[in-house]
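Dear colleague,

Please find below the structure that I am handing over to you. My notes on it follow directly after.

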Amino acid sequence: MQKDDERLVHSRGEEFLQVFKKGAEFTQELLRENERLRFRLLELEKSQVSGEPAPAAELKKLNERIADLEQEKQEILDRIKHVEEENQDFAARYLEIEDENNNLANLYIASYQLHSTLDFKEVLQIITEIIINLIGAEEFAIMLLDEKSDELQAVSTEGIERSEIPSFRLGKGIIGSVAQSGENHFASDFDSYERDFSAPMVCIPLKIKEHVIGVLAIYKLLMQKKEFAAVDYELFTLLAGHAATAIFSSRLYSDSERKLSTIQGFIDLLTK
Amino acid sequence: MSDYNVLIVEDSPTMRQLIAFALKRIRGVRIVEANDGVDGLKKLSSERFDLILTDINMPIMDGLKLVSLVRNDANYKTIPIVVITTEGAQEDRERALALGANDYITKPIQPTKILDVAKNLLRIV
């Protein structure tokens, strides 16, 4: 769909360039014709002055032709102006599509990487890479919810020691509320934000459908990252879904692997 | 036969994929990936490259060491190098450029920026 749009924009752009080029050639031609007629008229006027009578009918005809050509020229100039405006619109649209295409590619690669492994540690590493490289966060924590104790605990951190992050009760404070409600939290003013582990500048629930399994808490952005772009919000939404699924699957896989090896151990013991 | 051989030196597969995606817009580009500076040097010795893009923070050998080694090797010293990093401070930028990097791009990744810088260094109009 995206590519079709791009192709359409390309072909329309080419068409307009052709029209523009033809218009320019035609204008040149008209200007030459205009010049030729003006010269002819001048000659006729000269010959009139020099006593040779110019045929009035021919003079009138030439004047009319000049008027027609002038009008035609004006129409073409208007058309060129219109085409130029349209061309500018298409160029702007092309840039927009290019940006969207890049953003979609980022999102695609992020989700592709998230589901490329069933290793829990690797999944956490990939989430960390996405947050640093695509979102531009410097300090953050990935916290998972322990459903038995209803507590959120950091399982991975970047830029902060994991031991520095306290655990949070479900429903309590900003982090607990985000985990309970499943709604994103963004600090009202990033410029004046000061690090507070219980009140991150951004807190995103990691959820599978409506089931929250943890949160992502961002405490600091890279110094060159001043604000969030539209694609960042899309990435947050993507993370909320795909990261949660990837974390959940990898945990499930490790659990089943562990159980399988325990059962295998028992079987080996019994069959010896 | 490719028109441009580009080496991406980056320890994160996600990042390598993102950079490669941006560069694939260049017609005739061929991309070779390396996990760190040492791997990068190994790949450099095996074929001719027109451009190197490297991260700074990598295990085994970091990007700045790689820039320095490439610039001091008569065989590779003319290859343009772009540093892509999270380090946004001016002194980090100046350090990389002083070591011989041709350009310096800060993360988060912007494919358009990578493409523009690469095209410029590959002298593609």
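A:Asp4 lies in helix 1 (residues 2-49) of chain A; helices (H or I, at least four residues) and strands (E, at least two) are DSSP runs, numbered from the N terminus. With 8 other C-beta atoms within 10 Å, A:Asp4 is exposed. The burial classes count other C-beta atoms within 10 Å of a residue's own: buried is 20 or more, exposed is 12 or fewer, and partly exposed is in between, with C-beta atoms placed from the backbone. Between A:Asp4 and A:Gln264 there are 260 residues in sequence and 54 Å in space, C-alpha to C-alpha.

The model is predicted: local features need pLDDT of at least 70 and side-chain atom pairs count only at pLDDT 80 or more, while totals for chains, interfaces and linings use all residues. Residues are numbered from 1 along each chain as its sequence is written, and chains are lettered from A and ligands numbered from 1 in the order in which they are written.

Chain A

Chain A contains 5 helices and 6 strands, and its pattern along the sequence reads α-α-α-β-β-β-α-β-β-β-α. Its radius of gyration is 35 Å, whereas a compact globule of 272 residues would have one near 19 Å; the radius is taken over C-alpha atoms, and the globule rule is 2.2 Å times the number of residues to the power 0.38. The C-alpha trace of chain A spans about 130 × 55 × 30 Å along its principal axes. Of its 272 residues, 23% count as buried.

The domain assignment, which is automatic or from a database, divides chain A into domain 1 (2-112) and domain 2 (120-260). Their centres, taken over C-alpha atoms, are 57 Å apart. In the contact between them, domain 1 of chain A contributes 5 residues and domain 2 of chain A contributes 7 residues; two residues are in contact if their C-beta atoms, placed from the backbone, lie within 7 Å.

An unreviewed UniProt entry lists residues 119-257 of chain A as "domain: GAF"; such positions are given in the numbering used here, feature names are shortened, and annotations may be inferred rather than shown by experiment. This span is 38% helix and 29% strand, and its end C-alpha atoms lie 11 Å apart.

The sheet of chain A

In chain A, 6 strands form an open sheet with antiparallel pairing, in the order 3-2-1-6-5-4; two strands pair if DSSP finds at least two bridges between them. Strand 3 (168-169) and strand 4 (185-186) of chain A are the edge strands, each pairing on one side only. Strand 5 (residues 202-208) and strand 6 (residues 211-221) of chain A are joined in the antiparallel sense by 7 bridges. A:Val202 has A:Ile218, in strand 6 of chain A, as its bridge partner. Helix 3 (residues 120-135) of chain A packs on the sheet and touches strand 1 (137-146) and strand 2 (151-158) of chain A; the directions of helix 3 and strand 1 make about 145°. Axes are lines fitted to C-alpha atoms, for helices over the stretch in contact, and angles run from 0 to 180 degrees between N-to-C directions.

Chain B

Chain B has 5 helices and 5 strands, in the pattern β-α-β-α-β-α-β-α-β-α along the sequence. Its radius of gyration is 13 Å, close to the 14 Å given by the globule rule for 125 residues, so chain B is as compact as a globular protein of that length. Buried residues make up 42% of chain B.

Yours sincerely
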